[in-house]
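Hi,

Here is the structure I promised to pass on. Have a look at it first, and then read my notes below.

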Amino acid sequence: MNTFLNNFPILAIMILFVGAFVTSLVGRRSALARNGVVLVSMTAALAMMLALVKPVLLDGQIITYWLGNWEPVEGWAFGICLEVDALSLFFGLIVTVAVFVSGVYSFTYMNHDDSLVNYYTLFLMLSGSVLGLVLSGDLFNIFVMVEIMTFTAVALTAFRNTYEGALEGALKYLVVGSLGSTSLLVGIAMLYSQLHTLNLAQISALIPGQGANPVIIAAFAFLFMGFATKAFLFPFQPLAADAHAVAPASISLMISGVLTKCGVYGIIRLCYVLYENLNQPLVQYLVTGFGAVSMFICVTMAFNQHNFKRLLAFHSISQVGYVITAVGLGSALGVSAGLYHAMNHTIFKGLLFLTAGAVQHQTGSLDLDSLGGLSKRMPRTTLLFLIGAASISGLPPFNGFASKWMIYQAAFQRGAATGNFFFLFVCIVALITSVLTLASFIKVAQSVFFGQLPEQYKEVKEVPLAMRIPMWILAVLCIVTGLFPTQVQNYLLLPATSAAFNAANYIDQAMGLGYAAAHGIATGGVAGLMVSDCWNPTSWLMLLFCITCAVAIVALLASPNDLKDAHISSCDEQAEVLDAKYESFFSGEESVYSQVGGSDLFWGFKHNWRKYFSYMHDWHSGIVNDYTLYGVVAIAFVLLACIILL
Amino acid sequence: MMAVNYIGSFALIALGLYCMVAKHNLIKVIIGMGLVDYGTNLLIVSVGFNPGGTAPIFTIAELTRESFFVDPVPQALTLTSIVIGACMTAMSLSLVIKLREQYGTLDTRKIRRLNG
């Protein structure tokens, strides 16, 4: 084994933290030196992660590094270790690429703000903590990194503290996020009380010997909810929405592309490597259920939004819901579909947040009701936005299609194999969510980039090249990962999925060969993925057939009389509605620039579902006590479910 | 003996959560966060306690198989956790000061411009 490469994980983390301190030392003197330090640390971290690709992803090695050379003695790991297997490196690559893009974008995007030294210091600390989290092999280290991550993210959310609501969003994030941190810490304390170790590999080896120990099961519930908070799963999605809407766009990219991935990584590590309990139906229902509920509720919430980035935030959690749903299926195909979608989510959601940032940078507004017609003034940004929107909606040939296709297959395969209606239902929910996502992005495209150009935006210019380059990097990645799904599967997803299923190897590499076998953990692994290719003509033919059938059924069922009745009744209801918002679709005379009600394009859908929408609107009350209550109830629910049923 | 510690720590956590859910004054909400932290710290430090053990301070020469001491790892964890808790309180209080300047109130029911 190459000993020099063994130092790369710790060096990559250290260089980001050291960069943070150097930035605050030299940054006050010169902006150039500050940007140089930031660029060098980001590039070095990215290069080190890329250098690990060959040994870890292609040759299947696991790199362990014991800090201070405190290696395990007599089968007990006292030292702190970094352990990089294919799963960690997969997330490490996502993190470093996203950090690089976000940092390069910030150089131009943040130039209107002052005290940028603080911004870059916090930014590099955030990057370092997230990288430390995914590469760490020690449970308490993960907790410390989660805390650094939360603090820096809160501080960066409130960075533009004169911006309406910035402080409020940051405070809510801190207060309700602290529930997640506490939950993690209580889980760690419980595990330690039973196993007397904090090393992930050793915990993983010792848990099966504990049998049905209720403390171990309660620890699972607490750790799961801790990571779920960090991934902003339902019922924590209001935090994400508040934080995204007020944070700078480059930080929105970090929160949605990187912080939520830490939660996803934690859940995969917890369920597959530590507890290896995703073969139990109850855990599958729990994880998949959380994913499916987040997926559906967030996409419907996005319909109600009038702020560009708040809308994107709800979509972000909806897509994380897809990832968790796929991960919870417990099959190799499910995990690789989830990992694929996690990667794609970082790419396309990052692209969308950066285009939103570009619009904000040039117009100073994120309000969907007042924007419009920007495609005439910002054609290149519009093109980039459309690429991102097509990807997130799952349109071929972009990457969102490839990963969603795999998720549908995984859910359907799981349902067909077990004959369980639940998984088929989840598959249908995933399909409906995808349609709603597309509808929602048509609304955004219509109200921001098309339609009429308001008077005050006549002089808007295209964003500078320095901001377009990061967006183009992401857009090209969107297309490349969508066009070559087979290569992505073979070189990225398969090694990471095998690592998730091969806890024995993870244990042996850290604790010494034979340690896993001594504790009765069998070697696992995944040979290949039974997945039908996205570009398989047969499946396309079947899709075409299904769509034709659906259209035919709708056409046959809706006779002309029904259509007339429906029109009349909708007109009647139209008259009953007092809210002028619903009328702009027809009249458009309330204001000159109503642009066919661009931001209310789907008023009919919203009107028919008005009870649901008004309920959900009240549910997201904005009061921090309510959000805390939802979190406490969710934690209590999971705890009780795990203890009673497991 | 130890059961008292565990009951106490979960009672502290429950009190803190009650405070965070029921109190509408932001300062009280932050006091609740602090209580949850203290409860967790008490839980961790109790986990490592061995009745009758000595303090875990030895030189290599003194350390034998027969040495009986309390587990030092949870104490280190508790120290870290206390530091993190202090940072959290400081940070949230500084945010509250700024919020008070902007909104002119500490009532959580009035600080809800981001909703829906």
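I'll start with a loop: A:Asn69 sits between β1 (63-66) and β2 (81-84) of chain A. Helices and strands here are DSSP runs numbered from the N terminus (helices are H or I with at least four residues, strands are E with at least two). Phi of A:Asn69 is near 55°, which is a positive value in a residue other than glycine. A:Asn69 counts as exposed, at 59% relative accessibility. For those words, buried is under 20% relative accessible area, exposed is over 50%, and partly exposed is in between, using a 1.4 Å probe and protein chains only.

Before the rest, some ground rules. This is a predicted model, where local features need pLDDT of at least 70 and side-chain atom pairs count only at pLDDT 80 or more, while totals for chains, interfaces and linings use all residues. Residues are numbered from 1 along each chain as its sequence is written, chains are lettered from A and ligands numbered from 1 in the order in which they are written, and side-chain values use heavy atoms, with hydrogens and water left out.

You'll find A:Ser115 in the loop between α5 (86-109) and α6 (116-135) of chain A, and at 41% relative accessibility A:Ser115 counts as partly exposed. There is also a cis peptide bond, from A:Phe234 to A:Pro235, with omega near 5°. A:Pro235 is in the loop between α10 (214-230) and α11 (237-246) of chain A.

Salt bridges

Side chains of opposite charge can pair when their charged atoms come close.

A:Lys172 and A:Glu168 meet in another salt bridge (2.7 Å, N to O). This pair lies within helix α8 (residues 166-195) of chain A, four residues apart, or about one turn of the helix, and both residues are buried. A:Asp242 pairs with A:Arg310, again by a salt bridge, with the closest N and O atoms 2.7 Å apart. A:Asp242 is in helix α11 and A:Arg310 in helix α14 (residues 308-327) of chain A, so the pair ties together parts that are 68 residues apart in sequence. A:Asp242 and A:Arg310 are both buried. A:Glu168, A:Lys172, A:Asp242 and A:Arg310 are linked in a network of salt bridges.

Which residues are the closest to the centre of the largest pocket? The pocket has a volume of about 1200 Å³, and of its 37 lining residues, the closest to the centre are A:Phe78, B:Phe69, B:Asp71, B:Pro72 and B:Val73. (A pocket is an open set of points on a 1 Å grid over the protein atoms alone, where a 1.4 Å probe fits, with protein on both sides within 12 Å along at least five of seven lines; lining residues have an atom within 4 Å of a point. A volume is the space filled by probe spheres set on the points, which are joined across faces, edges and corners.) The largest share of the lining, five residues, comes from α3(B). By class, the lining has 23 nonpolar, 10 polar and four charged residues. Here Ala, Val, Leu, Ile, Met, Phe, Trp, Tyr, Cys and Pro count as nonpolar, Asp, Glu, Lys and Arg as charged, and the others, Gly among them, as polar.

The second largest pocket has a volume of about 850 Å³. Of the 22 residues that line it, the closest to its centre are A:Phe401, A:Trp405, A:Tyr408, A:Leu431 and A:Leu543.

Cheers

Technical notes. A salt bridge is a side-chain nitrogen of Lys or Arg within 4 Å of a carboxyl oxygen of Asp or Glu.
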